[in-house]
Amino acid sequence: MGVEVGIASVVAILVLIYAGIHVAVALGLVSFIGVWIYRGSIDVAINLLAAATHDTIAHAVFANIPLFALMGIVAAEIGLGADVYRVADQMFRRVRGGLGMATVAANALFASITGSSIASASVFTRIAVPEMRRFGYTRQFSVGVVAGSSVLGMLIPPSSMLIIYAIVAEVSVGHMFIAGFIPGVILSIAFILGIVLMARVLPKFISEEELTGVVDEGETMSLLAMGWLLLPVAFLVVLVLGGIYTGWFSPEEAGAAGSAGALAIGVLKRRLTWRGLWRVLVETGQITAAILFLIIAASMYSRMLGVAALPTQFSDWLASMNFDMVGLMVIYVILMVLLGTIIETASIILIVVPLFLTSVEALGGNIVWFGIVTVIGAEIGLLTPPLGISCFTIKSTIQDKSITLAHIFTGAFPFAFIMLLVLILIIAYPVLSLALL
């Protein structure tokens with residue numbers, strides 16, 4: 001009966017989510033009822049809820065969520081994303097397809113202090129899309145490159161998705177951050193190379209006019225001016241990631257230092273008003289409450305699966321099918337991409353990862369490497385219909401009514417394909433994510 005309850009719970013959760021029920025509510029409700037049915041006692045289900053809630057908020061690792069959220073929201077509020085884009089714009093503007101490359105480069109740098117794809121998509125929709133449209137780039141490419149490069153926020157540390165995976169898989173948040181660095185750089189370079197290729201092979205996809213390099217307009221910034229604009233971002237990157245990599249800070253301490261640093265920069269630049277600070281605190285509280293509620297529900301779900309013995313049974317079934325690691329990864333990636341079309345990344349991690357962890361470990365896979373594979377696979381779903389959260393974020397932010405969802409999904413498709421190629425590379429060569437550990 002345990003396996004039947006477990007399988008039915010997975011199906012029920014997906015049905016409820018697709019029907020519009022909040023993910024955390026669906027996870028918690030199904031988990032509570034599942035334990036109640038399996039154990040035949042509502043007291044056991046209530047104890048499960050109490051234990052999951054206590055364990056979720058009792059550990060210091062969960063402090064990463066509000067701290068890194070605060071740092072990223074402050075960085076967006078004080079305009080660091082715009083500063084980064086101005087510098088990247090100067091560096092790439094005269095290159096064929098250069099503003100697309102500038103958007104990728106700026107998103108990669110901005111990701112290293114925000115950790116959020118949604119924040120990146122929102123910021124660069126306002127900054128980059130009007131600039132690219134002004135220089136004759138097509139609607140689909142202008143929004144597609146923003147959607148594609150926004151996913152870097154979930155991979156380049158500090159990333160909220162890496163934190164959530166670390167909590168689910170019970171691995172070090174610091175190790176996940178370190179492991180995400182090289183794949184994040186590889187994906188950024190792959191996006192830029194993809195733009196170079198598209199500019200040569202499909203120039204009409206990128207620009208409405210012949211791309212011979214964009215004529216520079218306006219004042220050209222000196223290297224000193226560009227360095228001055230990048231200095232705050234470089235400071236935060238060195239403070240947070242340098243502190244983690246050198247062992248000076250734990251991830252929680254790095255988050256606190258980064259938040260304090262971002263607030264100090266906002267004050268020194270006189271860009272953080274009292275009203276802006278209030279917006280930052282409210283948004284941080286909303287994001288933190290939503291994520292912690294989701295993790296509490298996911299903790300209940302994981303415990304319910306354990307009670308029903310589904311992970312063990314699922315692992316035994318995979319073993320009976322004689323899958324090797326390659327076969328398991330093919331199934332896993334297909335499942336991640338398909339789920340990514342209907343639910344968001346955090347939910348995918350919380351629902352699917354507990355089912356596959358035992359099998360991956362049994363086949364000798366590294367759990368940290370598996371986390372990077374998981375995040376990239378789930379992030380592909382941010383760019384694919386019908387959900388495509390990054391694409392919908394851009395649509396809700398864009399001021400140009402002539403740009404439709406069809407333009408956004410069409411423009412994002414090449415970048416989703418590039419992500420799939422990078423994912424295959426990471427699966428084939430795990431050392432790319434483990435070399436710095």
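A crossing of two helices is called right-handed if the near helix is turned clockwise from the far one by less than a right angle, and left-handed if anticlockwise. Hello everyone, please keep that one in mind while we walk through the structure.

A word on the source first. This is a predicted model, where local features need pLDDT of at least 70 and side-chain atom pairs count only at pLDDT 80 or more, while totals for chains, interfaces and linings use all residues. Residues are numbered from 1 along each chain as its sequence is written, and side-chain values use heavy atoms, with hydrogens and water left out.

Let's start with helix pairs. Two packed helices are described by the angle between their axes and the distance between the axes. Helices here are DSSP runs of H or I with at least four residues, strands are runs of E with at least two, and both are numbered from the N terminus. The axes are lines fitted to C-alpha atoms, for helices over the stretch in contact, and angles run from 0 to 180 degrees between N-to-C directions.

Take α16, residues 325-340, and α18, residues 367-380: their axes come within 8 Å and cross at roughly 35°. Here is our opening term at work, as α16 passes α18 in a right-handed crossing. On the α16 side, the contact (heavy atoms within 4.5 Å) is made by Met-325, Met-329, Tyr-332, Met-336 and Val-337. From α18 come Trp-369, Phe-370, Val-373, Thr-374, Gly-377, Ala-378 and Ile-380. Sorted by class, that contact has 10 nonpolar, 2 polar and no charged residues. For the sorting, Ala, Val, Leu, Ile, Met, Phe, Trp, Tyr, Cys and Pro count as nonpolar, Asp, Glu, Lys and Arg as charged, and the others, Gly among them, as polar.

Now to another pair. The axes of α7 (residues 117-134) and α8 (residues 139-150) come within 9 Å and cross at roughly 155°. These two helices are therefore roughly antiparallel to each other. In this scheme, angles over 145 degrees are roughly antiparallel, under 35 roughly parallel, 65 to 115 roughly perpendicular, and the rest oblique. The crossing of α7 past α8 is right-handed. Among the α7 residues that meet α8 are Phe-124, Val-129 and Arg-133, and their α8 partners include Arg-139, Phe-141 and Val-145. The residues of this contact of α7 with α8 divide into 9 nonpolar, 5 polar and 2 charged.

On to charges. Side chains of opposite charge can pair when their charged atoms come close. How many salt bridges does a search of the whole structure find? The count is 3, a salt bridge being a side-chain nitrogen of Lys or Arg within 4 Å of a carboxyl oxygen of Asp or Glu.

One of them pairs Arg-279 with Glu-77, at 2.6 Å from N to O. That pair links distant parts of the chain, with Arg-279 in α14 (residues 274-307) and Glu-77 in α4 (residues 64-77), 202 residues apart. Arg-279 counts as partly exposed because its relative accessibility is 42%, and Glu-77, at 27%, is partly exposed too. The cut-offs, with a 1.4 Å probe and protein chains only, are buried for under 20% relative accessible area, exposed for over 50%, and partly exposed in between.

Asp-83 forms a salt bridge with Arg-271, and their closest N and O atoms are 2.8 Å apart. Here Asp-83 sits in α5 (residues 80-92) and Arg-271 in the loop between α13 (251-268) and α14, 188 residues apart. Is Asp-83 buried or exposed? At 4% relative accessibility, Asp-83 counts as buried, whereas Arg-271, at 30%, is partly exposed.

The salt bridge of Arg-134 with Glu-131 has its closest N and O atoms 3.2 Å apart. Both residues lie in α7, 3 residues apart, about one turn of the helix.

Finally, some backbone details for anyone turning the model on screen. A cis peptide bond joins Pro-157 and Pro-158, with omega about 0°, and Pro-158 has its place in the loop between α8 and α9 (160-169). Glu-170, in the loop between α9 and α10, has a positive phi near 60° without being a glycine. Arg-270 also has a positive phi of about 60° although it is not a glycine, and is found in the loop between α13 and α14. Glu-170 is exposed at 73% relative accessibility, and Arg-270 is exposed at 78%.
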